Amino acid sequence: MVTPLDVLLHLPLASAAVWFANASWPWLRGLRTASERAFVAMCVFLGLWTFLDWLFLHSSGDIAILVSKFQISMLTLASLAMFYFGRWLSRPRGTFDILALIPVVITITIAWTALTGGVERVWWGPRPLLDPRWYAVWVAQVGAYVLLSFYYLGTTFRHVTFSSPETRTKLLAIFAALVIAMGSWLVADVYNNLTQTPGFPASSALVLIPGILLLVFLAPESTERLLAMLRRLIVTPARPFAAVWYHSSGQPLAKVLLPGEKALDASVLADLTRAVD
């Protein structure tokens with residue numbers, strides 16, 4: 001007879017299937033931008049995290065400890081991919097993106113050396129024993145990257161004025177699904193670990209419903225439209241701020257700047273002159 005506990009212990013496996021499906025549809029349609037690749041990577045890492053959570057719940061001893069370390073690593077990488085997804089929608093790639101790898105490398109190193117101290121058996125199965133101090137460092141990094149991704153996504157939505165109401169509604173629904181998924185995990189996982197309560201640990205099951213909601217917008221018949229929407233978000237409408245009047249000989253005669261804009265330097269004017277020539 002299947003008990004409610006049996007169902008709960010297998011929910012992470014369902015979550016993994018949903019998030020792998022979320023990654024497969026855009027990938028099958030073709031990935032052309034950095035933000036699309038970051039989105040797929042985020043879904044893959046979340047799928048691996050939830051699958052490893054299911055595997056952990058059915059393991060014991062040293063195997064459970066090893067699986068727990070891989071699980072923490074996958075969630076750390078998922079937060080990095082989510083950060084890149086939000087950032088690359090609103091900003092071009094740069095040096096800061098490389099620097100963002102440093103905290104991730106540090107926290108993954110902590111996860112494999114100092115964070116996981118062992119596994120204890122409770123009434124529902126194995127439970128990881130995490131060092132509270134190192135856990136606070138790890139969750140601060142993951143939480144910061146998740147919050148930064150929310151900030152970048154929110155900034156993108158506030159500044160997009162050329163999307164249709166339908167496009168904005170769908171993108172906001174995707175944004176809400178990500179907020180619910182990662183927000184629910186943060187609250188549940190932080191509470192369980194900092195208070196050391198023996199509550200049900202399969203926090204990855206919390207991302208099942210948001211994953212299903214996201215999958216609705218990534219179904220094969222709507223994926224192409226979704227990718228087109230994401231690409232339109234990346235293309236910022238042109239905003240002219242200066243006008244230069246050239247003589248037919250190629251020499252600049254006059255220029256007009258909008259109030260508050262900086263004057264064009266000599267190198268820019270030289271480039272414009274060569275373009276006119």
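Mentor: What follows takes the labels one by one, on a model that is predicted.

Trainee: What makes up the chain overall?
Mentor: The secondary structure comes to 10 helices and 4 strands. Along the sequence the pattern is α-α-α-α-α-β-β-α-α-α-α-β-β-α. Of the 277 residues in the chain, 44% are buried.

Trainee: Why is Leu-46 called buried?
Mentor: Buried means under 20% relative accessible area. Leu-46 has 2%, so Leu-46 is buried. This residue sits in helix α2.

Trainee: Why is Val-44 called partly exposed?
Mentor: Partly exposed covers values between the buried limit of 20% and the exposed limit of 50%. Val-44 has a relative accessible area of 30%, so the label partly exposed applies. Val-44 also lies in helix α2.

Trainee: How do you know that the span of α1 is close to what is expected?
Mentor: α1 has 26 residues and reaches 38 Å from its first C-alpha to its last, and the expected value at 1.5 Å a residue is 38 Å. Pro-12 is among the buried residues of α1, as are Leu-9 and Trp-19. After α1 comes Gly-30, with a positive phi near 105 degrees.

Trainee: What makes α3 largely enclosed by the rest of the structure?
Mentor: In α3, 22 of the 30 residues are buried, so the helix is largely enclosed. α3 spans residues 61–90 and reaches 45 Å, close to the 44 Å expected.

Trainee: Why does the pair Arg-87 and Asp-97 count as a salt bridge?
Mentor: The rule asks for a side-chain nitrogen of Lys or Arg within 4 Å of a carboxyl oxygen of Asp or Glu. The closest N and O atoms of Arg-87 and Asp-97 are 2.7 Å apart, so the pair meets the rule. The pair links Arg-87 in helix α3 to Asp-97 in helix α4 (residues 95–99), 10 residues apart. Arg-87 is buried at 10%, and Asp-97 is buried at 4%.

Trainee: How many salt bridges are there by this rule?
Mentor: The count comes to 3. One of them pairs Arg-127 with Glu-120, at 2.9 Å between the closest N and O atoms. Arg-127 is buried at 7%, while Glu-120 is partly exposed at 29%. Another pairs Asp-131 with Arg-133, at 3.6 Å. Asp-131 is partly exposed at 21%, whereas Arg-133, at 64%, is exposed.

Trainee: How do you know that β1 and β2 pair?
Mentor: Two strands pair if at least two bridges are found between them. β1 (residues 116–122) and β2 are joined by 6 bridges, so they pair, and they run antiparallel. With 2 residues between them, the strands form a hairpin. Glu-120 stands opposite Arg-127, and Val-122 stands opposite Gly-125.

Trainee: What makes β2 largely enclosed?
Mentor: 5 of the 6 residues of β2 (residues 125–130) are buried, so the strand is largely enclosed by the rest of the structure.

How values were computed. Residues are numbered from 1 along each chain as its sequence is written. This is a predicted model: local features need pLDDT of at least 70, side-chain atom pairs count only at pLDDT 80 or more; totals for chains, interfaces and linings use all residues. Side-chain values use heavy atoms; hydrogens and water are left out. Buried means under 20% relative accessible area, exposed over 50%, partly exposed in between (1.4 Å probe, protein chains only). The expected span of a helix is 1.5 Å times one less than its number of residues.
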